[in-house]
Amino acid sequence: MIVAPSFLTANFSILRDEIESISQAKWLHFDVMDGRFVPNTTYDARMVSRIRSFSNQFFDCHLMIDNPKAQIGKYIAAGAELVTFHVEAAKDETEECIQLIKDWGAKVGISLKPKTPIERLDAFLSQVDLVLVMSVEPGKGGQSFMEDSLGKIAYLRRFRNDNKCSFLIEVDGGINYETAKKVKEAGADVIVSGSYIFNQRDRNQVIGVLENV
Ligand code: DX5
Ligand code: ZN
């Protein structure tokens with residue numbers, strides 16, 4: 001299992017040490033929130049370039065922002081290697097966002113909120129590298145896992161097999177050891193975990209456990 005720690009709950013005054021403490025993870029999950037698409041605001045592309053200067057992890061950038069098309073280039077220029085946007089935010093520009101990420105040379109991820117039916121993604125699944133299934137309402141860390149995300153994961157695994165697609169399935173929200181086992185069972189390839197990892201004393205040790213769930 002690929003583990004992508006979300007550092008939303010990190011102590012930003014010792015950011016470099018905090019990122020060091022999760023260096024076991026090959027991926028790093030950036031939760032970008034603009035206070036419009038979701039109620040909270042976190043950080044922007046400057047955070048990506050700041051951490052790019054001292055981390056060689058794979059940068060997985062989750063854009064919880066309105067009008068993603070206008071910002072995609074900034075995040076890739078700052079060092080994002082995978083950019084995931086929400087279909088609810090892209091509205092009728094999903095195809096353009098996919099093409100723009102490809103033009104910039106990064107991997108393409110699409111995501112959907114818990115209440116958005118999974119079939120909304122059907123038209124795009126053959127064009128993307130990753131689907132991010134939200135197992136919490138996007139906007140903050142520390143929420144509980146929503147069991148009905150398991151149905152979406154299973155749907156995506158079936159769709160991928162039936163249509164010979166190659167996208168990865170990533171799950172984000174409320175992931176701990178128990179829920180990691182459930183989503184792996186359902187077909188997840190990548191798990192995002194924030195508070196569960198950051199609440200541990202030895203974060204790299206728990207990342208190792210999640211990698212082998
Ligand atoms: C929520 C974010 C998630 C979340 C993960 O909007 O997309 O990445 O921060 O944090 P936990 O693992 O604490 O749910
Ligand atoms: Zn996220």
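Reader: How do the residues lining the largest pocket divide into nonpolar, polar and charged?

Author: The lining of the largest pocket has ten nonpolar, 13 polar and four charged residues. Here Ala, Val, Leu, Ile, Met, Phe, Trp, Tyr, Cys and Pro count as nonpolar, Asp, Glu, Lys and Arg as charged, and the others, Gly among them, as polar. Before we go on: this is a predicted model, where local features need pLDDT of at least 70 and side-chain atom pairs count only at pLDDT 80 or more, while totals for chains, interfaces and linings use all residues. Residues are numbered from 1 along each chain as its sequence is written, chains are lettered from A and ligands numbered from 1 in the order in which they are written, and side-chain values use heavy atoms, with hydrogens and water left out.

Reader: Ok. What volume does the largest pocket have?

Author: About 310 Å³. That volume is the space filled by probe spheres set on the grid points, which are joined across faces, edges and corners. On a 1 Å grid over the protein atoms alone, a pocket is an open set of points where a 1.4 Å probe fits, with protein on both sides within 12 Å along at least five of seven lines; lining residues have an atom within 4 Å of a point.

Reader: Which residues lie nearest its centre?

Author: G141, G142, G173, G174 and G194, out of 27 lining residues. β2 (27-33), β8 (190-193) and α8 (195-198) each give at least two residues to that lining. Helices (H or I, at least four residues) and strands (E, at least two) are DSSP runs, numbered from the N terminus.

Reader: Switching to the metal. Which protein donors does the zinc ion (ligand 2) have?

Author: H29 through NE2, D31 through OD, H62 through ND1 and D172 through OD, at 2.1 to 2.3 Å from the zinc ion (ligand 2). Donors are N, O and S atoms within 2.8 Å of the metal (3.2 Å for Na, K and Ca), and water is not among the atoms, so sites may look incomplete.

Reader: How are those donor residues spaced in sequence?

Author: The pattern is H-x1-D-x30-H-x109-D. H29 in strand β2 and H62 in strand β3 (residues 58-64) are 33 residues apart, so that pair links distant parts of the chain.

Reader: Are those two histidines buried or exposed?

Author: H29 is buried at 0% relative accessible area, and H62 is buried at 0% too. Buried means under 20%, exposed over 50% and partly exposed in between, with a 1.4 Å probe and protein chains only.

Reader: And what geometry does the zinc site have?

Author: Octahedral, with angles of 68 to 170° among six donor atoms. Six donors count as octahedral if opposite donors are over 155 degrees apart and all others between 65 and 115. The ideal angles for six octahedral donors are 90 or 180 degrees.

Reader: Last bit, distances. How far apart are E20 and S55?

Author: They are 35 residues apart in sequence and 8.4 Å apart in space, C-alpha to C-alpha. E20 is in helix α1 (residues 15-20) and partly exposed at 47%.

Reader: And where does R157 lie?

Author: In helix α6, partly exposed at 34%. R157 and A188 are 31 residues apart in sequence, with C-alpha atoms 8.2 Å apart.

Reader: How about G73 and D17, how far apart are they?

Author: G73 and D17 are 56 residues apart in sequence and 28 Å apart in space, C-alpha to C-alpha. G73 is in helix α3 (residues 72-78) and counts as buried at 11%.

Key: Tetrahedral: all angles 85-135°; square planar, octahedral: opposite > 155°, others 65-115°.
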